[in-house]
Amino acid sequence: MDDGYRNTNLYQGGREANQVSDNYRYQDGNYEGYAPNDGYYHGGDEPAHEEDAQSDVTEGHDEDDEVYEGEYQGIPHPDDIKEKQKKRAPAVADEYRDRDDLMAERMEDEEQLAHQYENIIEECGHGRFQWTLFFVLGLALMADGVEVFVVGFVLPSAEKDMCLSSSNKGMLGLIVYLGMMVGAVMLGGLADKLGRKKCLIISLAINAAFAFLSSFVQGYGFFLFCRLISGLGIGGSLPIVFAYFSEFLSREKRGEHLSWLCMFWMIGGIFASAMAWSIIPHYGWGFSMGTKYHFHSWRVFVLVCSLPCIASLVALKFMPESPRFLLEIGKHDEAWMILKQVHDTNMRAKGEPERVFTVSYIKTPKQVDEFIEIQSSTGTWYQRWLVRITTTFKQVWDNVLYCLTAQYRMNTLMLAVVWFTMALSYYGLIVWFPDMIRYLQEEAYESRVKIFDEEEVSHFTFNFTLENQIHRNGEYRNDKFIGMKFKEVRFEDSLFEECYFEDVTSSETFFENCTIISTVFYNTDLYEHKFINCRLINSTFMKEKEGCHLDFEEDNDFLIYLVSFLGSLSVLPGNIISALLMDKIGRIKMIGGSMLISAVCCFFLFFGNSESAMIGWQCLFCGASIAAWNALDVITVELYPTDKRATAFGILNGLCKFGAILGNSIFASFVGITKVVPILLASSALVGGGLLALRLPETREQVLM
């Protein structure tokens, strides 16, 4: 063998190259040389001659650990070394490289980072830090659950306070879902660009501010606007919460603990039901300022319902940003410090404070987006902000389109169908159940109606309550109706002559085909629309009441609070079972099985002809369907990469809210007409969605990309 190939200096140079380290090494609190045997992938450029200097050699050591010359095998020829060094010359600047090449390099980096990050999270362990974040994000999810229920609970009281028509009530019920749909897409997309923590704070702040404001406004229009913006804020929290928490969980913990987190949505429903039951019936829990401003008990309830959101907002200020997101945008040092904080917090809680965080350098993906710094001297302040906002929304829109590219299109479309069918059935039925129970109550109420025919009353003073009565072909002359209430009263083909109505309030009371002669109405709420095909001769309306003034305590439907409370409580067993089995049987079987069992529960609704039967089937349906919701949340998080995760979740959750709007509208329109259409529609949607879900890829063994 040529002596040039046995040159000790060449080997020595390779040995020195092996001792060159990365720039980062944490040891004893300082960054020092990085030991290459820690088991993690190292980013950055290695010395150009390192690979060339390493070869298949026989190396020996004497007793003093000095290297001695051995037999070297496979050492490359010097010309080959020069050729490789030439290839390792400084790369072409990124701006001159093809974007496809940059994206390919970034995807390779992301795959390496995904596996390294999984190892790092396992080293950090699962302990105090994750449980603290669990409760902070749980409060945010609880606020989302409260938002869904709050309008339904206040409607019976708000409709009297604001004198709402049926169309007004319907719009108020749907406006929250509309806001949540827009918020999920918009704020979910922003979370992939601005950060999980920052966007979640924005989301919760919007919800808290406008929920608080809505409890004080008096007009219907302003109240509607506040609930819309409040829904927009809380709608953005759901995709962010799941993306945020998943990035602190290892693969073996992710399915179970994301399912436990879902339990807070149910807790939000229980909280809202309990607060409504304990606050709204107490009509005296409020105050008035003159005759125009009233703060009734239902407004106190709205105020209390904003507390989980405010608590989460305050606690979130003490939590860090997602390190996975920071690595995605190239902020290595910030991510490293947060991961070290997670590690040290968990180790101290386990009684092992001496355990050292061994990670020194983490791979950061190739940064492809171009960031242009706008100088303060460039244009006016609003022009600079306009450029930033436009650029950000352009990036969000690009993320939305990316979810429909060939790589993710099929998964996105299948998930969209499953989310939509689940929402259409679930939200449609949870509105249909209370409406059906109310309809059954109304039927029972109407069966007890009292009918008076051809009664003649003269010179009599009515000063008591008339309820659930029909008066036909009656004659009332020189009668006085003073300080009284009409509830569900109808006067048909009757005569009122020289009568006097003063300080009268009414609910669902109408005069039909009546003749009213020389009668005075003073300070009443008997408005024009309550006189149907009536002849008014020489009659006078003076000082009509403004708004509605019924006794709310009597009109509140306590059974509706009980139904919602039991429905939320019935979710608990299903939530526990799904959390324990999520990582054992997989996400796909959980979704398909849960949706098919829910479809069977829907079918048996044909046999629910009483209030108790409807309540029982509602509880069974809610308990069976929660497993599908939990598995959908988990699989949506796992199917998309970090820089698209919240965007994809936001799109699918926005579609879910659109399904909720359709479900509410369609199912409510059939109440009192037929049960066949709602039951068949819900069952068919659940079966179709459940079977399609079985074609989705299983993700329980997958690392977060």
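In this predicted model, strand β10 (residues 466-472) lies parallel to strand β13 (residues 485-492), the two being paired through six bridges. Pairing here requires that DSSP finds at least two bridges between two strands, and the strands themselves are DSSP runs of E with at least two residues, numbered from the N terminus. Within this pairing, R472 has E492 of β13 as its bridge partner.

Strand β13 also pairs with two further elements. With strand β15 (residues 500-507) β13 runs parallel over three bridges, and here K487 sits opposite S507 of β15. Strand β16 (residues 510-512) is likewise parallel to β13 and joined to β13 by three bridges; in this case F491 faces F511 of β16.

Helix α19 (residues 571-585; a DSSP run of H or I with at least four residues) makes the largest contribution, six residues. L581 belongs to this helix and is partly exposed, at 33% relative accessible area, between the limits for buried (under 20%) and exposed (over 50%).

Residues are numbered from 1 along each chain as its sequence is written. Local features need pLDDT of at least 70, side-chain atom pairs count only at pLDDT 80 or more, and totals for chains, interfaces and linings use all residues, while side-chain values use heavy atoms, leaving out hydrogens and water.

Conventions. Buried < 20%, exposed > 50% of the residue type's maximum accessible area, 1.4 Å probe, protein only.
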